[in-house]
Amino acid sequence: MMNLLMKIACVTSVWLICSFSYIEANSLDYDGWLNIALFHALDVDEPNKFTLRGNITVTNRNTGLVSVAQEPLTLQDRNKLKRLAQQKQLYRMEAHVSDSDGVTKFLTSSKACALAKAQLTDVLWVSLDHSGTVTAVTQSVNNGNMNECHDLSNSDVDVLDEFNTDVYVKHTESAPIPDTASFIQKMEREREARERGDTKDNRSFFAKYWMYLVPVVILLLISATNPEAGQR
């Protein structure tokens, strides 16, 4: 038993040391900056053509401090967005994340009509894992009612000249570390108690002898419902 506990303790210790070493090694650049270039597809006839929308610079991944610079929409872009909204198409956006490991692309989308009704006000969520690596970039629009697309007017589109974007950096919560030391101590105390004979069975009377009591109760019920069977 002691050998097994010692093996568990050793394996757990090695796992904890490796985990902390991995987190510490990857946390060196956790506070570093990263750049996110935004591209969107506005042309219904060319759905795979993405043009530059703007840039987001995360100056500190730990604190979530960001800087946003976006291109104003031209008259041609407004007409394209209006066409997307009237045809109930999706507004698609690509986020190109640049860091020390290279460039990673993420695709996100929302309802074009909802974005137009919200006057280009949207929210971008940048998700980071425990090492500070970007795992997702997602867009959300507060006005997500598809029925309002029928009420889209020219005045709603004429004022669409620039995006108003809030950017939030979301960190992944670390899982709790198992309390292995307390578990080993508890098992050791139980083993020592069994060796001394100090363990007591604190179960109730019924919990101890239910397998004997249940047949007797069944026989009594049968005898009560069928007196002849009881006499036999």
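Visitor: Why is Tyr91 called buried?

Guide: In this predicted model, the relative accessible area of Tyr91 is 0%. Buried means under 20%, so Tyr91 is buried.

Visitor: What makes the pair of Tyr91 and Phe163 tilted?

Guide: The search of the whole structure finds two aromatic pairs. For Tyr91 and Phe163, the ring centres are 6.0 Å apart, and the limit for a pair is 6.5 Å. Their planes stand at 40°. Stacked needs under 30 degrees and edge-to-face over 60, so this pair counts as tilted.

Visitor: Which parts does the pair tie together?

Guide: Tyr91 belongs to strand E4 (residues 90-99), while Phe163 is in the loop between helix H4 (154-158) and strand E8 (164-171). The parts joined are therefore 72 residues apart in sequence.

Visitor: Is Phe163 buried or exposed?

Guide: Its relative accessible area is 7%. The cut-off is under 20%, so Phe163 is buried.

Visitor: How do you know that the charged end of Arg53 sits over the ring of Phe163?

Guide: The charged end of Arg53 is 3.7 Å from the centre of that ring. The criterion asks for a distance within 6 Å and a position within 35 degrees of the ring normal; Arg53 is listed as sitting over the ring.

Terms used. Residues numbered from 1 in each chain as written. Predicted model: local features only at pLDDT ≥ 70, side-chain atom pairs only at ≥ 80, totals over all residues. Heavy atoms only, no water. Helix = DSSP H or I, 4+ residues; strand = E, 2+ residues; numbered from the N terminus. Buried < 20%, exposed > 50% of the residue type's maximum accessible area, 1.4 Å probe, protein only.
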